[in-house]
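Visitor: I would like to learn how to read the disulfides in a model. Where do we begin?

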Amino acid sequence: MRFLLPLVFVLSAIAQRTVQVCTPDAACTTVDTSRIGSLRFEDYRVTNSSMNLANLEVRRAHLSQFLQATQNLLCTANPNANAILNAPSLRFNAASADISEVESVGSSGQLIQEVYAQIQLTNLVLSDGFFTPSFNFRLSRNRGASLLTLTFAPAGNSVVELTERYALSVDPNTGRVGFPTALPTNAQLLRLVWSLTANLNKILTHATAYKVPNPTPFGRPLFTPDDLRDFANSVSLSVAAYATPSFPPVLEATCEKSPTNSCLAQDELNTFAEALARQGSEYVATKSATPARVLATNLTTWAKANALSKSTPANTAILLRPISLFWPVLQQDSILAASDRDTINAWLLPLTQSAASQDFSVKILDAITRRDNTAFAESVERYYLVLNTLRADGSIPEQAQRGPCALSATNLAISQMMLTAEAAATQGFDLYSLSVNGRSIHTAIEFLLDAYDNYPLLAKYNNPNASCYLNNAAPLERKVFELQPNAASPAAWVEIYLARFPASALAVRLKAKLGLNGLTNRPLASAAAAANTSCLFLTPQELTPVSLPNFDILSGDNQTGPVNSTLPERLAARVRGNAGNPLPNILLNFAIRSGSGTLETTSALTDPFGVATTRLTLGPRSGTIQVSASALGGAPLVFQATAQGNDPKLSPDGIAGVGGSIPSVRTASPGAILSIYGADFVTAGLGRRVRSEELLDNRLPTNFLGVCVYFDTTPAYMLDVYPNQLNIVVPAITGTSTQVRVAKNCGTANEQRTDAQALAVSTAAPEFFSFQPTSSGNNPVTAVDAITGEFFGPLNLFGGTAKPAKPGDYVTLYLTGLGTTLPAVLPGMLATGAAALQSPVTLKLAGQTITEILYAGFSPGSLIYQINFRVPAGLPANQQPISVTVDGQTTPVGAYLTLALR
């Protein structure tokens, strides 16, 4: 089946990389691929060209944890191949063949006419030391049939190992070898069977006695000696081909299956590709010589014939997926002659380029092998673009429209995505967690499961004109999760997913859907998934589930270093099974949890010892950095490091109104004065206030002693700069919130900025100045007698020089954050004269609204506001609460003015 990607056009490959994506049910959209996830396009690079899909060292460590019988079940493409190829040679003194015929009635009542030759060998000796004075077996064929059957039975034999009947069959027309009964489990007897079968042509060629009854039992002709020799030759050749199969090259594959068109070339490619997937997986996982010979022989034959010289990219991709898996290893194997390797490489190069245009999983596997960073990044980009096309329900538009082929097409697309994600994982990139609008490969898998059980989810997307090799009126093809012995498993990618996410809800659903329980229904193999995925990905913890978290920090915790330095010790986490055994090939995700720093890699596979590592480079800011490591759904481990430096630091909630109110004023208004608390703003002993001669056009500087404060990107006006505190004037900002950062070495190449702190923004944020801020927040406001200049406050203030305010006194209050005035006074500028508030102001004292406000606005010649009012009669004495409200914003509670009765 052909798999069409969403139509994409790269619009620009310069600073901003954009791609146009077109889907069947939507207009084309432009996707920015300059950044994919947290990384730039160019950050996706080949880091280990020796692994393009599976870490072979890790895989062999996994296999070593299985019993040999389990290894054979999982990985051996042909469990009899080695036994056939290594069958012992034989010799005998004499051979005879008794030819006859027998009739019988089958279980369904049919007449069976069996013509046979009973072959007997005298003094049979095998090269492994086996000897028997006499051994007999039968070669037979039913009349009207072509199938030849070899039967080994206890009757007439004295071989103690032969206690029941065994049989194998050969079809001379197709060369297919079959097994009507199970093969012997006894090793010696099995060697004998394969030795006789492989040498049958030799036995019957040298037979000295052919015995034919005369007359024949039913008056019909029987086998002739020439017939027997032909049969023996067919059997021996077929068994040899069964052990090391060969596939005739397909020279042209330009056809495609459709409701009105068959495509024999596609069928032949699929047959060869499935064999490559199984043989290739056995080879790369076990380095066995038998599949290596099969692969090398066939690829050499196809290359020399220039197979697929005419082909579609989709048909070429059928072969290139499994070849891309094993070829990087096979081309280094001594079993392949250098000249053959060069011939195959020359043949594969244009084919790969063609297939990669259709299939980005082929492209990424090839890119890793050739260390082609651009092709690698483009493959990740294509994966990302598929995520961009996913609908909210997880359907892939291009595939969901394909009517009866929709499930199969969706499954093939997911298989391609899985191969790409796994190939990226071998290079340290986690595409599994990549998402667009909350949609990821997991979303697509969930839709496939849902749609398999609920066809209407797909039916609504059907397009009768969409490509499908079935007639549009045909029933929905439901082969995705169907398993047949020794057949391709369309959902073989599930094995990769289970190895990555064994404890996830989707993993549970997938195992139930496929009926996977231990080794039941395994191995899963498919050329669409490039491999026998059970051989390459089934993990020991699948057979013995792991209770998580079973992983720990091995090294790299609690390191200290200067800012911008790379810590000397790698951060290493170890993943273990229930019995403490290491779990290789587990994907560990590392992430900066807090603080400033960068990681060498954010994803890494555990090695044969169950260990995955990354390296931490401290960022430009000092303080504590936390790095999390997570795997298999377990609670994350947390590494901690400390960066040391003299970079500026903001205290938590370190921005507050200058008046010292409790709770602090955490709202910024243009022209208000705020205090910023932290450390290392300037070197100790160098801090001070801005001097009058340092004003520029009567305005505070925005860069003072190399320190700046940014409200988003707008610089504030600097009033005081000290090592642990800054006082600034809020610039002209709008909106409802802002991000504030302090910068040291402002305006230079070495500028250092703190992390941002968020502040609310309002047109006004009124706050009193206080004579004596206290930790309780009950603060005497800064107030003076407008006539005499004496302080109004409690009698103990300033050594008893303050006085209470009495009815009729004219009081001046000093504040900040009262908002805009007329005429306007720009933020950071000293008011040159009176400038009254534009907004109404409400003043309350002792719970009573003051009606006689004489002035509210900027205090001339300063950066602060003042309010002048007259104290009315009838207010209670002592400390009385006072508040100001402007533009709906009120001063913090706790401010008071001391009053007298008269």
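Guide: Start with one cysteine: Cys405 is buried, with a relative accessible area of 0%. Note that the model is predicted.

Visitor: Which cysteine is joined to Cys405?

Guide: A disulfide is a covalent bond between the sulfur atoms of two cysteines. Here the partner of Cys405 is Cys468, with an S to S distance of 1.9 Å. Cys405 lies in the loop between helix H13 (397-400) and helix H14 (406-426), and Cys468 in the loop between helix H16 (456-459) and helix H17 (493-500), so the pair ties together parts that are 63 residues apart in sequence. Cys468 is buried at 9%. The link of Cys405 and Cys468 is right-handed, with 70 degrees about the S-S bond.

Visitor: Is Cys28 buried or partly exposed?

Guide: Cys28 is partly exposed, at 40% relative accessibility. Its disulfide partner is Cys22, at S to S 1.8 Å, and Cys22 is buried at 11%.

Visitor: How many disulfides does the count come to?

Guide: The count is five disulfides. With the bonded cysteines numbered in sequence order, the pairing reads 1-2, 3-8, 4-5, 6-7, 9-10.

Methods:
Residues numbered from 1 in each chain as written. Predicted model: local features only at pLDDT ≥ 70, side-chain atom pairs only at ≥ 80, totals over all residues. Heavy atoms only, no water. Disulfide = S-S within 2.5 Å. Buried < 20%, exposed > 50% of the residue type's maximum accessible area, 1.4 Å probe, protein only. Helix = DSSP H or I, 4+ residues; strand = E, 2+ residues; numbered from the N terminus.
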